[in-house]
Amino acid sequence: ANKFKGKKTAAGFDLFLKDAKEGQVVTRFPPEPSGYLHVGHAKAAILNQYFARQYKGRLIIRFDDTNPSKEKTEFEESIIEDLALLGIKGDVTTHTSDYFDTLYQYAVQLIQEGKAYADDTLQEEMRAQRMDGIASRRRDATVEENLTRFAEMSTGSQEGRRWCLRAKMSVDDPNKALRDPVIYRCNADVSHHRTGDKWKVYPTYDFACPVVDSIEGVTHALRTNEYRDRNPQYQWMLDALKLRKVEIWDFGRLNFVYTLLSKRKLQWFVDNGHVSGWDDPRFPTVRGIRRRGMTIETIQEFILAQGPSQQIINMEWDNIWTINKRLIDPVVPRYVALDKHGLVKCTVAGAPGLEERPMPRHKKNPELGEKTTVFDNVIYIEQEDAKSFADNEEVTMMDWGNVFVRSKKVGADGLIESMDMDANLGGDFKKTKKKVTWLAQSATRPFVEVSLLDFDYLITKKKLEEDDKFEDFITPQSEFRTEAVAAFNVSELAEGAQIQFERKGYYVLDKVQGKDGKREFIKIPDGRQASSA
Ligand code: ATP
Ligand code: MG
Ligand code: MG
């Protein structure tokens with residue numbers, strides 16, 4: 001009996017593994033150390049960890065390092081950091097390269113059993129033959145010929161480089177993935193970041209993945225269903241080598257609208273200066289979305305809610321940011337910031353003078369404690385609010401009280417410079433239409449200069465088609481900076497702090513010492529903006 005069968009996720013899916021026994025499940029997340037993780041990888045990593053934990057089993061983090069031309073030690077380190085940002089820690093970390101000797105032996109075994117052959121058909125011709133179901137002229141070479149050629153490949157000689165090793169599965173199976181896939185290639189010019197110059201031949205993913213899954217004890221291999229055609233090929237390798245079977249559990253690839261999820265394309269944005277780096281808040285990298293204020297809980301809830309869905313999902317960012325907002329709203333403290341442009345000075349007759357008072361950081365969450373707020377009979381409000389006031393209108397200054405708007409002074413530029421008001425602090429705030437944020441300062445608690453950053457999508461097209469060139473769809477301006485002043489009490493915040501600026505939205509303090517020495521806040525999307533990710 002599988003006690004997790006029938007257990008539903010938030011979205012109503014069954015999330016269980018076939019033939020899974022508690023304490024015996026082993027899953028693995030196999031990133032290639034060739035770049036930073038993005039939200040698509042996060043889906044695979046989170047599902048693997050979820051199942052390992054649910055069944056009290058083990059999670060292997062395996063660096064799939066079979067292509068030395070693309071891989072580096074630095075990326076292993078950054079991937080471990082990215083996983084930590086997702087709340088993921090494997091029980092063990094391994095490398096496909098740990099098994100290069102074993103894999104080589106298995107390849108030799110396949111040759112000896114007549115199940116693999118060396119081929120020097122040119123790449124394009126091979127592709128055409130596989131398409132048309134035509135056998136390679138090398139397919140019926142003898143075991144001795146194949147062993148000699150594979151040995152030659154292994155030396156990395158000019159002759160060896162002309163060859164590859166193919167599994168002898170089928171010439172014309174309707175499933176083209178079974179048409180004698182390549183299982184070893186020569187790569188003699190670059191050294192491998194772990195094995196150095198020892199190897200001149202490397203196994204392909206198609207060969208290494210099933211073999212290493214099996215010998216590492218993986219019970220359930222999760223992979224995206226774009227590989228589904230290759231599932232029979234995966235099983236063929238295990239059958240051919242008489243290795244222990246592995247259950248494959250496949251799931252739909254995750255994509256997002258207005259978003260590129262390919263290391264190569266993201267690299268282009270970095271190289272061409274369209275973003276500040278791999279942790280740019282506009283990037284769908286784990287670093288980017290975490291920096292923009294997405295929590296680990298949000299990502300996990302979002303991924304698990306999709307369950308075993310097989311659709312290739314093209315998600316709206318609003319869906320995930322809405323979850324994030326629900327989770328952070330009850331726990332992030334409140335502060336006030338005002339647009340600096342056209343700040344309006346208001347003198348409130350009849351109000352008490354300068355004083356400081358402790359105020360709750362969050363009215364509905366006393367656990368967040370108190371902050372010090374300055375009150376005075378001279379306050380500042382935003383131009384936009386000031387413009388909206390009618391003569392003699394009664395308005396509410398939030399957390400203080402009501403005032404009557406009496407007169408205003410307009411400057412040469414047409415902006416309101418100052419206003420005179422009369423205090424009616426005990427007045428009924430239920431009667432006023434406008435609840436306005438305001439700020440006061442003192443000599444010891446002056447305003448703090450802040451920059452508020454918001455972002456748009458990097459590309460202008462919702463879904464890029466196969467033959468679209470992404471370079472043609474770059475959003476001309478995708479970063480927006482507003483200069484603002486905030487209450488002195490924001491100086492208590494540390495980098496990474498998440499808050500709400502009242503009436504503006506949620507922000508994360510990205511840099512205490514940003515551009516021009518100002519505190520830089522990044523807007524955390526709340527799922528309600530159509531334009532911004
Ligand atoms: P890229 O194409 O960006 O280089 P990749 O798929 O080649 O990505 P890997 O490091 O090989 O990168 O991927 C590690 C794991 O993450 C694989 O199991 C892969 O299936 C999974 N994965 C990658 N992209 C997605 C995605 N968009 N949705 C779900 N899983 C994904
Ligand atoms: Mg890959
Ligand atoms: Mg890929």
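This briefing describes the fold, domains and selected residues of the structure above. The model is predicted: local features require pLDDT of at least 70, side-chain atom pairs count only at pLDDT 80 or more, and totals for chains, interfaces and linings use all residues. Residues are numbered from 1 along each chain as its sequence is written, while chains are lettered from A and ligands numbered from 1 in the order in which they are written. The chain has 13 helices and 26 strands; these are DSSP runs numbered from the N terminus, with helices being H or I of at least four residues and strands E of at least two.

**Overall dimensions**

- The radius of gyration of the chain is 31 Å, well over the 24 Å that the globule rule gives for 533 residues, so the chain is more spread out than a compact globule. This radius is taken over C-alpha atoms, and the globule rule is 2.2 Å times the number of residues to the power 0.38.
- The C-alpha trace spans about 100 × 55 × 40 Å along the principal axes of the chain.
- Of the 533 residues in the chain, 38% are buried. A residue is buried if 20 or more other C-beta atoms lie within 10 Å of its own, exposed if 12 or fewer, and partly exposed in between, with C-beta atoms placed from the backbone.
- Among contacts in the chain with a separation of 6 or more, 70% join residues 24 or more positions apart. Two residues are in contact if their C-beta atoms, placed from the backbone, lie within 7 Å.

**The three-stranded sheet**

- An open sheet is formed by 3 strands in the order β1-β2-β3, with parallel pairing. Two strands pair if DSSP finds at least two bridges between them.
- β1 (26-29) and β3 (92-95) stand at the edges with a single partner strand each, so one side of each is left without a neighbour in the sheet.
- On average, neighbouring strands of this sheet are turned by 30 degrees against each other, direction ignored. Axes are lines fitted to C-alpha atoms, for helices over the stretch in contact, and angles run from 0 to 180 degrees between N-to-C directions.
- Strand β2 (residues 58-63) pairs with β3 in the parallel sense over 4 bridges, and Ile 61 stands opposite Thr 93 in β3.
- Helix α1 (residues 39-54) lies across β1 and β2 and runs at about 165 degrees to β1.

**Domains and their contact**

- The domain assignment of the chain gives domain 1 (117-202), domain 2 (256-328 + 447-533) and domain 3 (335-446). These bounds come from an automatic or database domain assignment.
- The centres of domain 2 and domain 3, taken over C-alpha atoms, are separated by 31 Å. Their contact takes 18 residues from domain 2 and 17 residues from domain 3.
- On the side of domain 2 that touches domain 3, β22 (448-455), β23 (479-486) and β24 (498-501) are the elements that give two or more residues. The largest share, 5 residues, comes from β23.
- By class, this side of domain 2 has 11 nonpolar, 2 polar and 5 charged residues. Ala, Val, Leu, Ile, Met, Phe, Trp, Tyr, Cys and Pro count as nonpolar, Asp, Glu, Lys and Arg as charged, and the others, Gly among them, as polar.

**Helices and burial**

- Ile 299 is found in helix α11 (residues 296-306) and counts as buried, with 24 C-beta neighbours inside 10 Å.
- Not counting residues up to four places away in sequence, Ile 299 touches Ala 42, Ile 46, Leu 86 and Met 294. Ile 299 and Asn 324 are 25 residues apart in sequence and 8.3 Å apart in space, C-alpha to C-alpha.
- In helix α4 (residues 123-132), the number buried is 1 of the 10 residues, so the helix lies largely in the open.
- In helix α7 (residues 205-215), the buried residues are Phe 207, Ala 208, Cys 209, Pro 210, Val 211, Val 212 and Asp 213. They pack against β1, α3 (100-112), β6 (182-186), β7 (201-203), β8 (220-224) and α8 (231-240).
- Gly 217 follows α7 and has a positive phi, near 90 degrees.

- Most residues other than glycine have a negative phi.
- Asp 19, in the segment before β1, has a positive phi near 50 degrees. Asp 19 is exposed, with 11 other C-beta atoms within 10 Å.
- Asp 399, in the loop between β18 (394-397) and β19 (401-410), has a positive phi near 65 degrees. Asp 399 is partly exposed, with 17 other C-beta atoms within 10 Å.
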